[in-house]
Amino acid sequence: MKLSRAFFKTLREVPNEAEIPSHILLLRAGMIKKTAAGIYSYMPMGWRTIKKIENIVREEMDAKGCQEIRTSVLQPGELWEESGRWSAYGPEMWRISDRNDRGFCLGPTAEEIFTDIVRNDITSYRQLPMNIYQISNKFRDEARPRFGMMRSRDFIMKDAYSFNKDEACLDESYNDMFEAYSNVFRRCGLTFRPVEADNGAIGGTGSHEFTALCEYGESEICYCESCDMATTVEKAACVDAPADDAEMKPLEKVNTPGTKTIEEVSEFLGIDQTQTIKALLFTTYDEDGNFKEYVAAFVRGDRELNMTKLVNALGVHEYAIEFADEEKMAQATGCVGGFTGPVGLHDCKIVVDSELPGLKNLCAGACETDYHMLNVNYGRDYEGDIVTDIKNLKEGDPCPVCGAPIKHARGVEVGQIFKLGTKYSVPMGATYKDENQKDHPMVMGCYGIGVSRTFQAIIDMPQNHDENGIIWPMSVAPYHVIITVMKHNDETQLAVAEEIYKKLGAACVEVIMDDRKERPGVKFKDADLIGIPVAITVGRGAADGIVEYKLRREADKVELSVEDAIAKAIDIVNAEKDGRCF
Ligand code: ATP
Ligand code: MG
């Protein structure tokens with residue numbers, strides 16, 4: 001490709017809406033364009049990289065014996081009625097109607113469609129296991145689309161579904177996908193970590209997220225350096241503080257004026273935050289969005305509440321819970337903003353963190369303005385409707401497996417794999433006959449990769465960008481080599497550039513030539529911004545057959561003969577391109 005003829009435009013300014021390096025760089029490099037909030041179009045170079053990522057995904061899936069199909073983005077509501085998710089899915093689903101008022105959605109995922117396809121054609125144990133996948137746009141009306149392709153409303157996902165005879169067979173399919181995912185993300189140049197994850201609304205019995213490690217990520221993971229425990233913060237089990245065998249002291253009400261926070265009350269009373277109880281108040285809703293109940297959750301004062309654990313304990317959807325309007329809740333339950341405790345609270349569901357019953361003589365709000373209770377004890381003074389672990393595992397807390405201090409890291413969830421079990425096959429009647437003609441529900445797994453999110457996450461890796469722009473790994477770079485012609489009207493330079501261009505092209509190297517009528521400074525800036533791995537500059541030396549050769553990821557450049565530069569470029573591209581010729 002010659003840049004003088006290319007549909008290509010870079011931006012000097014940092015676009016207003018972009019906050020993180022990858023999003024800024026993708027927009028500035030002209031790889032994507034924003035159409036509306038959370039909706040983007042891919043420009044030629046960005047699209048080339050997307051296709052390369054898709055191909056890596058295909059190669060790794062096919063290597064595990066999976067087969068690619070393609071289903072419609074439009075999915076009939078009836079299928080979602082069968083699985084029970086039509087009403088359960090919530091506001092992220094784009095629902096539409098056809099001219100006859102039949103309900104459809106733009107697929108946010110495709111368990112239902114795949115289960116429907118397979119239940120009609122697979123009848124015997126001989127046909128199992130089976131793993132089929134697609135790479136297609138998915139639609140989710142995200143509450144807060146942000147960071148470009150990281151959380152968009154229309155995104156590209158690879159979704160695979162395995163259909164298995166039994167749990168053991170599912171374990172094998174799952175392990176295959178675990179390996180395939182590790183290969184995909186390694187080949188894409190990500191620094192990543194697979195971590196145990198919560199199954200969330202999708203259901204099932206086991207799950208891993210693949211997290212690309214970077215400081216801008218929305219996900220937080222916990223890991224242990226002494227053992228191999230690694231999990232999302234949502235999922236991480238916590239070790240309860242050891243039970244206290246102190247005598248219960250008499251309950252006492254104390255005046256604590258203006259002490260609305262745990263910090264304020266513990267300082268005022270001169271007690272440790274671990275001797276206090278923190279209250280968090282919520283309202284939950286049913287599937288039609290009607291009020292369900294008030295919820296008060298209690299954790300030790302220094303702990304953080306874990307929303308995923310709370311939501312799972314309550315059995316509500318994530319979208320069906322929000323912080324309570326304290327004034328309204330006060331009328332119904334007796335809570336008092338900043339002074340709520342478990343004693344004196346009524347008409348609401350009480351969820352108590354698992355370590356509180358073992359702790360003695362704690363301080364909690366008295367449900368009265370400017371008052372707290374001292375010596376609050378579980379069993380004697382209050383009880384929970386639910387008692388379970390609802391706290392976050394914090395950095396430095398003991399590892400739930402081996403007890404060593406836990407570390408935290410941020411990252412981007414680029415993929416997730418799930419053991420679904422029979423959550424979809426039972427309600428949708430996807431069964432097979434065993435050797436004795438007996439019917440069994442298929443045991444399913446589902447496996448997703450955010451292709452467009454991966455595209456952007458690659459750039460956020462510290463090794464894949466610098467202050468001048470993107471540094472694409474060879475495997476996913478839109479082009480392998482950029483030839484920059486210093487003077488666009490110098491015949492000798494143009495002829496040498498053309499020779500290199502042709503020879504590289506003949507050797508299956510993807511090459512772009514910057515022959516635009518621009519100053520050299522502009523061309524160099526653009527070459528750095530778009531991050532092509534190898535740069536060959538044709539300037540004054542061209543008359544003597546000399547060019548400059550430089551790798552985007554290194555600072556040093558060398559002068560080489562034309563032949564040597566071509567040979568070196570071909571060598572490095574072949575060594576690093578890691579995949580088919582495009
Ligand atoms: P998240 O927790 O980030 O909302 P999710 O767990 O809902 O994601 P899955 O249903 O597991 O996502 O989808 C599979 C993959 O699709 C995710 O691992 C992620 O890489 C990608 N993905 C999900 N939602 C988005 C989105 N809004 N924009 C871009 N990629 C997404
Ligand atoms: Mg996920």
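Biologist: How much space lies in the second largest cavity?

Modeller: Rolling a probe the size of a water molecule over the atoms shows where empty space is left. In this predicted model, the second largest cavity holds about 50 Å³ of space. The count of cavities of 30 Å³ or more comes to three.

Biologist: Which strand gives the largest share of the lining of the second largest cavity?

Modeller: Strand β7 (residues 130-139) does, with four residues. The lining includes Gln134, Ser136, Asn137 and Lys138, and among its other members are Thr71, Gln75 and Gly107. By class, two of the lining residues are nonpolar, eight are polar and one is charged.

Biologist: In what order do the three strands of the open sheet stand?

Modeller: The order is β4-β6-β5, with antiparallel pairing. Strands β4 (74-76) and β5 (94-97) are at the edges, each having a single partner strand, so one side of each lacks a neighbour in the sheet. From one strand to the next, the twist averages 35°.

Biologist: How many bridges join β5 to β6?

Modeller: Four bridges connect β5 with the antiparallel strand β6 (residues 103-106). Across this pair, Ile96 is placed opposite Phe104 in β6.

Biologist: Why does Gln416 count as buried?

Modeller: Buried means under 20% relative accessible area. Gln416 counts as buried because its relative accessibility is 11%. Glu413, at 23% relative accessibility, counts as partly exposed.

Note on methods: Residues are numbered from 1 along each chain as its sequence is written. Chains are lettered from A and ligands numbered from 1 in the order in which they are written. This is a predicted model: local features need pLDDT of at least 70, side-chain atom pairs count only at pLDDT 80 or more; totals for chains, interfaces and linings use all residues. Side-chain values use heavy atoms; hydrogens and water are left out. Buried means under 20% relative accessible area, exposed over 50%, partly exposed in between (1.4 Å probe, protein chains only). Two strands pair if DSSP finds at least two bridges between them. Helices (H or I, at least four residues) and strands (E, at least two) are DSSP runs, numbered from the N terminus. Axes are lines fitted to C-alpha atoms, for helices over the stretch in contact, and angles run from 0 to 180 degrees between N-to-C directions. On a 1 Å grid over the protein atoms alone, a cavity is a set of points where a 1.4 Å probe fits but cannot get out, and a pocket is an open set with protein on both sides within 12 Å along at least five of seven lines; lining residues have an atom within 4 Å of a point. Grid points are joined across faces, edges and corners, and a volume is the space filled by probe spheres set on the points. Ala, Val, Leu, Ile, Met, Phe, Trp, Tyr, Cys and Pro count as nonpolar, Asp, Glu, Lys and Arg as charged, and the others, Gly among them, as polar.
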